[in-house]
Amino acid sequence: MSSFKDLRIVDNFYQTSLFFPMPTVLISTLTEDGKTTIGPYSLVQPYYVAGKEYYAMLLNARNSSNTAQNLLRNGKCAINFVTDDRKTFKEVVRLGWPGDTPEEKMKDCFFTFEKGIAEGEDRPMVVTEAFQVIECTWVRELDGADKDLPGQLEGYEPPYHDFNGITSKFGATFILKIDKILMKEKYYNAILNGVRAKDFPHVPVDYGYRDSKNFWYAKFRRALPELLPIRATTVESVKYAANRIDDKIKFTDEACAKLVNVPRIFLPTALKGCVAWARENNVELITAEHMDEINDKRSKEKKGNKSK
Ligand SMILES: Cc1cc2nc3c(=O)[nH]c(=O)nc-3n(C[C@H](O)[C@H](O)[C@H](O)COP(=O)(O)O)c2cc1C
């Protein structure tokens with residue numbers, strides 16, 4: 001006997017049949033006459049996170065929404081992350097009423113707007129009150145979606161794409177290349193200098209679940225640290241792996257000792273990185289000092305990437 005009940009799966013299952021924690025964002029796009037408009041979205045998540053030529057986000061949207069129609073036409077958007085105070089969330093929910101035109105929504109809009117930092121004139125503005133913003137470009141060439149056009153507000157006829165562009169009569173999915181990440185100074189400094197519990201922005205959690213009367217969300221309370229598990233391997237096992245990576249370049253025991261905290265699954269990649277550095281620097285025996293130099297170089301590169 002299961003300790004669970006079997007709940008039926010229906011359309012919009014994340015809203016009707018689950019408590020599904022999600023972010024709350026306002027997506028800004030450009031209308032046909034070049035004005036910025038915003039719509040609230042939660043079905044937004046990182047998609048390509050590493051190992052590709054670019055990073056990408058994923059958005060699921062009703063294909064007749066202003067956001068989807070504007071993306072089909074102009075391909076640019078900004079994902080604005082808002083904080084959790086009630087006034088903000090009330091306005092977010094107001095902006096989510098389906099069918100309102102951009103003029104109707106933006107007439108008395110509570111938010112203010114400013115230019116983003118990504119290149120190009122044909123971009124929507126970003127929300128000044130957001131604590132972070134991701135400026136994006138829709139990758140319309142994926143899945144043959146470049147033939148999808150705006151203008152069909154009563155639903156699109158098949159054939160449908162599997163994962164990009166118009167994916168069903170009323171649905172659209174957008175793979176959005178990340179052009180720029182914009183961060184408010186307070187959080188920028190925290191990320192660069194080390195984040196403490198008090199440095200976390202107060203983000204709302206959209207529970208997914210809604211009924212005919214309410215959207216439900218939770219306010220931020222406080223960030224709690226949870227120590228990472230320390231599962232150190234032995235110097236012997238690092239030595240064993242290290243001395244098989246290259247026939248010429250070797251590691252001292254002290255150098256190996258610096259790698260005992262690296263999870264086993266990442267050890268070959270870490271060792272290969274050290275060997276590549278040694279080759280570049282004509283080193284045949286990697287010492288603890290060399291390891292410090294390599295780590296130093298890596299953390300500088302990381303900081304460089306973050307501040308770009
Ligand atoms: C908190 C919140 C989250 C929402 N998330 C989504 C979503 O992820 N996808 C979607 O299609 N609609 C979502 N909606 C509904 C849209 O906001 C609604 O369709 C709205 O009309 C879109 O605005 P737009 O037409 O200006 O793009 C959400 C609404 C709210 C209030």
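Residues are numbered from 1 along each chain as its sequence is written, and side-chain values use heavy atoms, with hydrogens and water left out. Because the model is predicted, local features need pLDDT of at least 70 and side-chain atom pairs count only at pLDDT 80 or more, while totals for chains, interfaces and linings use all residues.

Biologist: How many helices and strands are in the chain?

Modeller: Helices (H or I, at least four residues) and strands (E, at least two) are DSSP runs, numbered from the N terminus. The C-alpha atoms of the chain fill a box of roughly 70 × 55 × 45 Å along the principal axes. In the chain there are 9 helices and 14 strands.

Biologist: What percentage of the residues in the chain is buried?

Modeller: Buried means under 20% relative accessible area, exposed over 50%, and partly exposed in between, with a 1.4 Å probe and protein chains only. The chain has 308 residues. The buried share is 39%.

Biologist: Which residues around the ligand come nearest?

Modeller: A residue counts as near a molecule or strand if one of its heavy atoms lies within 4 Å of it. There are 19 residues around the ligand. Those that come nearest are Pro 40, Tyr 41, Leu 43, Thr 67 and Lys 105.

Biologist: Which residue places a polar side-chain atom 2.5 Å from an oxygen atom of the ligand?

Modeller: A polar contact is a pair of N or O atoms within 3.5 Å; within protein, one must be able to donate a hydrogen and the other to accept it, and residues adjacent in sequence count only if both atoms are side-chain atoms. The side-chain atom asked about belongs to Lys 105.

Biologist: How much of the accessible area of the ligand does the protein cover?

Modeller: Accessible areas come from the Shrake-Rupley method with a 1.4 Å probe; for residues, only the protein chains shown count as cover. On its own the ligand has 630 Å² of accessible area. The protein covers 93%.

Biologist: Which element gives the largest share of the shell around the ligand?

Modeller: Strand S2 (36-41), strand S4 (56-62) and helix H2 (66-74) are the elements that give two or more residues to this shell. By type, with Ala, Val, Leu, Ile, Met, Phe, Trp, Tyr, Cys and Pro as nonpolar, Asp, Glu, Lys and Arg as charged, and the others, Gly among them, as polar, the shell divides into 9 nonpolar, 7 polar and 3 charged residues. The largest share, 4 residues, comes from S2.

Biologist: Why is H2 largely enclosed by the rest of the structure?

Modeller: The buried residues of H2 include Thr 67, Ala 68 and Leu 71. Just after H2, Gly 75 takes a positive phi of about 75 degrees. H2 is largely enclosed because its buried residues number 7 of 9.

Biologist: Which residue forms a salt bridge with Asp 246?

Modeller: A salt bridge is a side-chain nitrogen of Lys or Arg within 4 Å of a carboxyl oxygen of Asp or Glu. Here the closest N and O atoms are 2.7 Å apart. The pair links distant parts of the chain, 33 residues apart, with Asp 246 in the loop between helix H6 (235-242) and strand S13 (250-251) and its partner in helix H8 (residues 267-280). Asp 246 is buried at 13% relative accessible area, and its partner is Arg 279.

Biologist: Is Asp 33, which meets Lys 35 in a salt bridge, buried or exposed?

Modeller: The N to O distance of this pair is 3.5 Å. Lys 35 has a relative accessible area of 53% and is exposed. For Asp 33 the value is 52%, which makes this residue exposed.

Biologist: How many disulfides does the count come to?

Modeller: A disulfide is a pair of cysteine sulfur atoms within 2.5 Å. The sulfur of Cys 109 is 17 Å from the closest cysteine sulfur, in Cys 77, too far for a bond. For Cys 274 the nearest cysteine sulfur, that of Cys 256, is 9.4 Å away. The count comes to 0.
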